[in-house]
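Subject: Structure handover

Hi,

Here is the structure for you to look at.

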Amino acid sequence: MKKTALLVIDVQESFRHRPFWTEQDLPAYREAQQALIAGAQARGVPVINILHEAGADGPFSAASGLVRPLDWMAHQPAATFVKHVHNALTDSGLQSWLIKHGIQKLAISGIRTEQCCETTTRVASDLGYEVDFVTEATLTFPMTHAGSGVVYSAADIRARTELVLAGRFATIVTVEEALRRMAD
């Protein structure tokens, strides 16, 4: 059995202050994220919070006071790391913590599906971790293609992320499957 950690990436107040923020998918995401955290903690799996900090001003700056978990995130993480790049492993101290604790497998969750969650998944895979990508416990927002003007829905983006990660960088799992695999 590989020792697992759950990463909760960028579930922070900063996003609520971005122009693309919408609460359309938030209730389903929040339910899935909380179930995943509670299930992991019940199994003794460490839950690691990752926060993103960037720039001298704006909602992701340290000075904003918004680089903190969303208000409904009530769990006590095993550790919290702050990153300044799109993946959670290369500049945050997380990689050293994982090695020190013998972690070989990661379950990925958080905000934004196609950005920091996907990027962390790719880097983790390249570093030799087994990765479960828990899509239903990730949140993203519609995006407009800069060249064509085509609007991609959050569902389109999640489907695309699953397509490019599955079988290459991660196993795509539901919350229920992720929790079952944590016990394997």
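Predicted model: local features only at pLDDT ≥ 70, side-chain atom pairs only at ≥ 80, totals over all residues.

Residues are numbered from 1 along each chain as its sequence is written, and side-chain values use heavy atoms, without hydrogens or water.

Aromatic rings. The whole structure holds 7 aromatic pairs. (Rings of Phe, Tyr and Trp, the last by its six-membered ring, pair if their centres lie within 6.5 Å; planes under 30 degrees apart are stacked, over 60 edge-to-face, the rest tilted.) Phe15 and Phe60 have ring centres 5.1 Å apart and planes at 85°, so they pair edge-to-face. They are 45 residues apart: Phe15 is in the loop between β1 (4–9) and α1 (26–42), Phe60 in the loop between β2 (47–52) and β3 (79–83). (Helices, H or I of at least four residues, and strands, E of at least two, are DSSP runs numbered from the N terminus.) Both residues are buried (under 20% relative accessible area; exposed is over 50%, partly exposed in between; 1.4 Å probe, protein chains only). Ring pairs join Phe15, Phe20, Trp21, Phe60 and Phe141 in a cluster.

Charge over a ring. The charged end of Arg112 sits over Phe20, 4.4 Å from the ring centre. (The rule: NZ of Lys or CZ of Arg within 6 Å of the ring centre and within 35 degrees of the ring normal.) Arg30 lies over the face of Trp72, at 5.8 Å.

Strand β3. Thr80 is found here. Its relative accessible area is 43%, so Thr80 is partly exposed. Beyond neighbours within four places in sequence, Thr80 contacts Asn49 and Leu51 (heavy atoms within 4.5 Å).

Best wishes
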